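Welcome! Here is a short tour for anyone meeting this structure for the first time. Take a look at the sequence and the model, then read on.

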Amino acid sequence: MGETRGSTTTTSRGADQTVVIEARGLVKRYGSLTAVDHVDLAVEPGTFFGVLGPNGAGKTTLLELIEGLRQPDAGEARILGEPTWPRDTGLLPRIGVQQQASSFFERLTAKEQLEVFADLYGVDHRRVSELLEMSGLTDKSKTKTEDLSGGQKQRLSIACALINDPEVVFLDEPTAALDPQARRNLWDVLRGINDRGATVVLTTHHMDEAEVLCDRIAIMDHGQILTVDSPAALVRDLGAATRINLRAGAIQVEEARGIRGVEGVSQEDGTLSLTTHDPTHALTELARRDALDGLQVTGANLEDVFLNLTGREYRA
Ligand SMILES: Nc1ncnc2c1ncn2[C@@H]1O[C@H](COP(=O)(O)OP(=O)(O)O)[C@@H](O)[C@H]1O
Ligand SMILES: [Mg+2]
């Protein structure tokens with residue numbers, strides 16, 4: 001976990017063939033509320049793309065506009081170069097949209113669900129066993145969907161979206177309402193989809209999920225995309241200080257204050273805490289003084305990015 005993900009994007013933006021999903025000036029209004037407010041987006045092939053924002057930010061509406069499930073009031077979305085509104089049935093075999101878990105056919109087993117989807121798409125039933133395996137449901141293949149746990153249902157609904165081996169997969173809050181262990185299991189499944197080459201667009205209100213899974217994150221609030229970048233770049237561009245924690249007494253407070261580049265020193269609850277924009281120098285100095293007892297180094301995170309962009313604390 002926490003490894004650097006691949007596909008750093010260096011391709012030129014102008015060339016349309018390098019873009020799998022494109023949105024220009026998308027707007028959706030519900031009465032006086034603008035749920036999606038002039039959104040532009042470009043997603044390159046193979047990207048694991050996250051739309052991150054608090055509840056009500058407009059993530060689901062944006063996804064539905066891009067998928068062609070809702071008509072925009074203005075603007076246009078394209079997937080694989082094709083406009084998604086008016087709805088283009090030719091596009092459907094090439095994309096996967098995660099169904100809500102409640103939309104399973106009643107009384108069917110997990111395997112039968114997938115077989116029905118396979119038949120709808122004219123896909124060989126061998127794909128069903130592959131997907132059961134991939135989503136960790138092989139031993140649940142004979143279980144009726146209503147008897148699956150929340151996490152198993154989520155994984156089955158994702159497997160259904162993958163039946164046609166889509167080039168582009170849309171997942172709307174796929175880990176909502178799961179316990180931490182089930183979320184982590186699902187993260188592995190989602191990584192697997194992307195590793196096999198599909199472009200994945202995922203919405204989430206979990207910062208940690210976006211940070212762990214996504215190559216690029218669009219931060220959304222009040223219908224607008226505030227910024228798009230890799231998680232590392234979003235945090236780096238904040239230019240926030242690094243915090244170095246040591247066991248209290250590892251170094252005298254006054255001595256710590258004297259290290260060049262150290263901006264703040266505080267000591268409480270047995271921890272001495274230094275902040276600096278030059279952690280390399282501070283750590284080198286601390287090491288030279290053999291003062292690294294209890295060392296912990298923490299930087300800014302996406303919560304700081306959100307605070308910086310909106311002026312308020314992130315509350316999902
Ligand atoms: N069908 C609808 N009719 C009226 N308002 C809606 C409808 N769908 C969503 N909204 C409103 O639009 C805003 C964005 O909703 P949504 O796209 O569901 O956000 P998110 O998925 O980020 O939680 C919210 O304020 C929501 O209440
Ligand atoms: Mg939503």
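A polar contact here is a pair of N or O atoms within 3.5 Å; within protein, one atom must be able to donate a hydrogen and the other to accept it, and residues adjacent in sequence count only if both atoms are side-chain atoms. One such contact, of 2.9 Å, links the side chains of E285 and R288. Please keep in mind that this is a predicted model, in which local features need pLDDT of at least 70 and side-chain atom pairs count only at pLDDT 80 or more, while totals for chains, interfaces and linings use all residues. Residues are numbered from 1 along each chain as its sequence is written, chains are lettered from A and ligands numbered from 1 in the order in which they are written, and side-chain values use heavy atoms, with hydrogens and water left out.

**Overall layout**
- The protein has 10 helices and 14 strands; these are DSSP runs numbered from the N terminus, with helices being H or I of at least four residues and strands being E of at least two.
- Its C-alpha trace spans about 70 × 45 × 35 Å along the principal axes.
- Domain 1 covers 17-228 and domain 2 covers 242-299, with bounds that come from an automatic or database domain assignment.
- The C-alpha centres of these two domains are 44 Å apart.
- Of the 316 residues, 45% are buried, meaning under 20% relative accessible area, where over 50% is exposed and in between is partly exposed (1.4 Å probe, protein chains only).
- Taking contacts (heavy atoms within 4.5 Å) between residues at least 6 apart in sequence, 65% join residues at least 24 apart.

**Nonpolar cores**
- A nonpolar core is a set of buried Ala, Val, Leu, Ile, Met, Phe, Trp, Tyr and Cys residues joined through side-chain atoms within 4.5 Å.
- The largest one has 45 residues, and L52, L114, L156, L190, I193, I217 and L302 touch the most other members.
- Helix α5 (residues 180-195) gives this core its largest share, six residues.
- Another core, of 24 residues, lies apart from it and includes L41, F49, L63 and I66.

**Helix α10**
- Helix α10 (residues 302-310) has L302, V305 and F306 as its buried residues.
- Viewed down the helix axis, these buried residues fall within an arc of 95°, so they line one face of α10; the arc is that of the directions from the axis to the C-beta atoms.
- They pack against β3 (48-52), α6 (207-213), β9 (216-221) and α7 (231-236).
- At the N-terminal end, N301 caps α10, with a side-chain oxygen 2.9 Å from the backbone nitrogen of E303.
- Just after α10 comes G311, with a positive phi of about 75°.

**Around ligand 1**
- The residues surrounding ligand 1 include Y30, L33, P54, N55 and K59, each having a heavy atom within 4 Å of the ligand.
- Oxygen atoms of ligand 1 lie 3.1 Å from a backbone N or O atom of A57 and 2.9 Å from a polar backbone atom of G58.
- An N or O atom in the side chain of T61 is 2.5 Å from an oxygen atom of ligand 1.

- E285 sits in helix α9 (residues 279-288) and counts as buried at 14% relative accessibility.
- L272 belongs to strand β13 (residues 271-276) and counts as buried at 0% relative accessibility.
- Residues up to four places away aside, L272 touches I244, L246, I251 and V265, among others.
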